[in-house]
Amino acid sequence: MKVLLIKQARLTFCLVLMSFSALKSQSDHLLWYDRPAQYFEESLMLGNGKMGACVFGGTDVDSIYLNDITLWSGEPVNPAMNPDEHTFIPKIREALAQKSYSLADSLQKKVQGSFSQSYAPLGTMKVHFLHADSITNYYRDLDISNAISTVTYHAGKVKFRREYFVSHPDQLMIYRLTASEAGAINFDLSFSSLLQHVTSKNYHRIEVNGSAPVHAEPSYRGNLEKAVIFENDRGTRFTVYLKILKQDGQMVDVTDAVGLRNATQATIFISTATSFNGFDKNPATQGLDNNANAKKQFQLAESKPYQKLKLDHVHDYQTLYNRVKFNLGQSKAPNLTTTERLKRYATGAEDKNLEVLYFQFGRYLLISSSRTDGVPANLQGLWNPYMRPPWSSNYTVNINLQENYWPAEVTNLSELHNPLLGFIGNLAKTGAITARTFYGVGGWTVAHNSDIWAMSNPVGEFGQGDPVWANWNMGGAWLSTHLWEHFLFDQDTAYLRDYAYPLMFGAAQFCLDWLVEDKQGNFITSPSTSPENQYKTPDGYVGATLAGATADLAMIRECFSAFFANYIKASMILDEDEAFRNGIAFALGKLRPYQIGSKGQLQEWYEDWEDQDPQHRHQTHLFGLYPGHQISPNVNPDLASAAKRSLEIKGDESTGWSKGWRISLWARLLDGDHAYKMYRTLLKYVEPDHKINYSQGGGTYPNLWDAHPPFQIDGNFGGTAGVAEMLLQSSESEIHVLPALPSAWSEGSVKGLRARGGFEVNVDWSEGGLKQVEIFAAKGGITQLNAGGQKIEIKLKPGERTRLNW
C-alpha cells in the first residue's frame, strides 16, 4: 500500500456541450423514448428547486404541467386549535396500565387536530402545433448531466427540435423551438388551471393571475361536500407570464391563445411567482407581490440571448451535479428506450449503466426540487397535477420527508439539505404549542403530517382519524437528527451554536418530558404507536396504541446518545447546559433496552406480540440500524442479527419508498448482495395508470419516478442513498469504504462522496478488491480508515488530501 499527500488543487469547471449522438450513447445519464408521454408517470420532469415542469413532448399538442413549490392551499395554521387535548393523556396512560388497549385507541382519538393542507397544481401550458404532414423519427430525452430535455422529429421533410430547461439563475422556464426549413413553425400557445384564475393576453403574451384554495381536503377523505374551497380575499396568490419571443414569422390572435405562424425559430418564456411570504404570514394580506416578481424575472431574462441563458443554467446545475462521479465498468446492455431498459432489467439482465443512471437521477431530482429556503421537497418533490393529490402531496414526517434528504449529505449536495433544515426551525415554533396543548410537556414536536404552514399537530380531524396513522408524535425527535447529521458532514460550529443546537435542545426537551417509567423502572413513552403498523395481542385484539414502542425509544436514544453524538455531544462542543446534559445522560441510561422476540426478531412492540401484517411496509423499529447509528454487526451482533431476522420476516416485496429504505438497512448489515437485490427490486418496472393500482407493487415508472404506487419521490431518494451506503459508511471517527459491495459490482469507481467528519472520498476497485482510496479534508481532521481489511489512521490539515493505493 502506498500513501501520498497532495495539496488541494484549485477546481475549475469546464462546460462541454456534447453532440446529440454522443449524448444518446451515454446511457448512464440519459432517459430517452421513441414516443410522446401519455401519462404523468411518463413525462420528463424539470425544475430549479422552486418551479417545476413535466414535459409530455407531444407533436399535435405538447402539454407541460407547471408547479411552484410555494403554492399550497390554506394559510397559517393555528397550532392552539384545541388547547385542552393534553388532559386526555393521563387517561390514555391509565388505560394502557390496565391493558385496556381498545379504550386507549378510542381515547387517542381525543388527541387529534386538523388535517394538513395540500400542495396545489399551478396549471398546464399547451402548445398546439399545426403540422400538415405525418410524423416520423420521433425522439424525446432528458439529459440529467445538464438538466435539459429535448424533443426531435420530422413532419414530412422538416426536422423539428425543441429544448426545455428550468433555470435557477434566471428563475424561469425556457422552451426553444427550431425547424430545419424557414417558416415551418406554426403553433398556438394556451394556459389552463384547476385553480381560481383570470387570464389576459396580447398579441404575444399571456398573463394569468389567480389564487390557491383556502382549504383542500385530503383525497383519501373521499367526495366530501366543499372538499375544495376558494375565497376571493384569502389564499396564496400566483402569477404566470408566458411570452413568445420570435426571430421571424407573424404573431396572430387566437381564441383563448396566442399564436405564431411561419417562423423558423422561437423561444417561449414561462415565469411564475406566488405571494407566499413565510409559514406565519397571511399570503393574502402579508404576501409578496407575485405579479411584480413574475414580471421582474421575465424582464431580466428577456434581455439575455438564448445561449447565455442556457450556459448559465448548465453551469449552475453542473456545479452541483458534477461533484459525484459513479462508474461500474463496461456494460453489455443494448441501447434501448428507458421503458424497454426497465422491462429488460426486470428479467434479471445486466445493465450497469441503468444502475448508475438511477443513482444519479436521485441527485438530479434533489437539485431540481430542493432549492427554496424553508420549503423542502414534498411527497412528489415539486411535481403535481392534481387538485387533491395523493396524501395531499404534503410532508409525511413518519419517514417520507426524512427519506427525501438521506442522499443530501453523503452525495455531496449539502446545501440542498438547507430547505429541510430551515423548515425544522418553522416546525419548532408551531411544535412548541403542539407539545404544550396536545401533550402537556415542554420542548417541541411534530406529528405524522405537515405542510408549508408548518402544521405540527396530530391529524385526524378532531377524532375521525385512526390512531394507527394519526397519533404518532416523534417527528421532532427524528427530524432533529438531520440537524446533527448536517453538522457532522460540514463541521460548522457556528451553524451548530446559532441554529441547530437550540432546535435540538427543544426536541430533546420534549422527549425528556414525555418519558415515563414502566414497572421495571425503565423509561418508555406512553402513549405510543409504531408508524402505521398494528399489533395483535394474545387474545386477538388488533390495535395501534401501546406503551413503549421500540421505534419511539430508538429515536429518543439517537437524540440522547453521547456515543453517536446528538444532544449531549453538541452541548459538550459548545460547553453549555450542563444540568440539562446530565438529565439527558441519566434518562439515556434508563431507556428500556432493545428486546429480541421469540422468532429471533427485533421486537417492535413492548410485548412480544404478533404483527397484524408481518410483511408491513413500515420498519420503523429498525431506525437504530438505519438511519440511526445504534445497531451494527461489529458493535452489537446480537441486535444486528435480530434486525436481519425482522427484515427476513418482512420479505423483499413492498412499496417503493420501503424498498429504498431496505437497501440501506441491508447495507448497514454489511450484506451487499442483499442490498443489491433490493436495489434491483426497487427498479422493477411498473406500468403507468390513471388510477392507483396497488396490485403492481412498488417499483419504478417509465420516467424513473418511484412507484409507491402512486408516484412518491421518496423511493428515488432512498435508492440513491442506499447505493451510497453500499459504497461508503462513516461515523464521527471512522470511514468504511466498500462496506457492502455487491458481487455484481466487481469493478468501478465513485468520486466525491462525503463522509462524516468533513471528508470527501474517492474510491476505485477492480475484481472485487480495493485499488485506491483518496480522502480530502477541506477543514482538516482525523479519522480512521477501514479499507481493504486494514484500519489506518488519517490526519489531514485543511485543504490536504491523501491517496492510498492497494
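Strand S25 (residues 535-536) and strand S27 (610-611) run antiparallel to each other and are paired over 2 bridges, where two strands count as paired if DSSP finds at least two bridges between them. Within this pair, Tyr 535 stands opposite Asp 611 of S27. Strands and helices here are DSSP runs numbered from the N terminus, a strand (E) having at least two residues and a helix (H or I) at least four. The pair belongs to an open sheet of 3 strands in the order S26-S25-S27, with antiparallel pairing, and its edge strands are S26 (542-543) and S27, each of which pairs on one side only.

This is a predicted model, in which local features need pLDDT of at least 70 and side-chain atom pairs count only at pLDDT 80 or more, while totals for chains, interfaces and linings use all residues. Residues are numbered from 1 along each chain as its sequence is written, and side-chain values use heavy atoms, with hydrogens and water left out.

Gln 612 lies in the loop between S27 and helix H17 (637-650). Leaving aside its neighbours within four places in sequence, Gln 612 is in contact (heavy atoms within 4.5 Å) with Gln 534, Tyr 535, Lys 536 and Val 542. With a relative accessible area of 36%, Gln 612 is partly exposed; the scale behind this word takes under 20% relative accessible area as buried, over 50% as exposed and the range in between as partly exposed, using a 1.4 Å probe and protein chains only. The C-alpha atoms of Gln 612 and Pro 305, which are 307 residues apart along the chain, are separated by 62 Å.

## Two helix pairs

Two packed helices are described by the angle between their axes and the distance between the axes. The axes are lines fitted to C-alpha atoms, for helices over the stretch in contact, and the angles run from 0 to 180 degrees between N-to-C directions. Helix H2 (residues 89-97) packs with helix H3 (residues 101-108) at an angle of about 165°, their axes being 8 Å apart. H2 and H3 are therefore roughly antiparallel to each other, given that angles over 145 degrees count as roughly antiparallel, under 35 as roughly parallel, 65 to 115 as roughly perpendicular and the rest as oblique. The crossing of H2 and H3 is left-handed, a word used if the near helix is turned anticlockwise from the far one by less than a right angle, whereas clockwise gives right-handed. Lys 91, Ile 92, Ala 95 and Leu 96 of H2 meet Tyr 101, Leu 103, Ala 104, Leu 107 and Gln 108 of H3.

Helix H5 (residues 306-321) and helix H7 (residues 352-369) pack at an angle of about 125°, with 10 Å between their axes, and that angle makes H5 oblique to H7. Their crossing is right-handed. On the H5 side the contact is made by Tyr 317, Leu 320 and Tyr 321, and on the H7 side by Gln 360, Arg 363, Tyr 364 and Ile 367.

## A mostly covered helix

Helix H19 (residues 672-682) is mostly covered, with 9 of its 11 residues buried. Among the buried residues of H19 are His 674, Tyr 676, Met 678 and Arg 680. The buried residues of H19 pack against several elements, including H7, helix H6 (338-346), helix H18 (656-668) and helix H20 (714-727).

## A mixed sheet with a helix on it

An open sheet is formed by 4 strands in the order S30-S31-S35-S36, with mixed pairing. Strand S30 (728-730) and strand S36 (790-796) stand at its edges, each with a single partner strand, so one side of each is left without a neighbour in the sheet. From one strand to the next the twist averages 25°. Strand S31 (residues 734-737) and strand S35 (residues 781-787) pair in the parallel sense over 3 bridges, and Ile 735 stands opposite Leu 785 in S35. H20 packs on this sheet, touching S30 and S31, and its direction makes about 80° with that of S30.

Strand S12 (residues 196-201) and strand S13 (residues 205-211) pair in the antiparallel sense over 6 bridges, and a hairpin joins S12 to S13 through 3 residues. The bridge partner of His 197 in S13 is Gly 210.

Asp 513, found in helix H13 (residues 493-514), counts as partly exposed at 33% relative accessibility. Not counting residues up to four places away in sequence, Asp 513 touches Val 441 and Gly 442.
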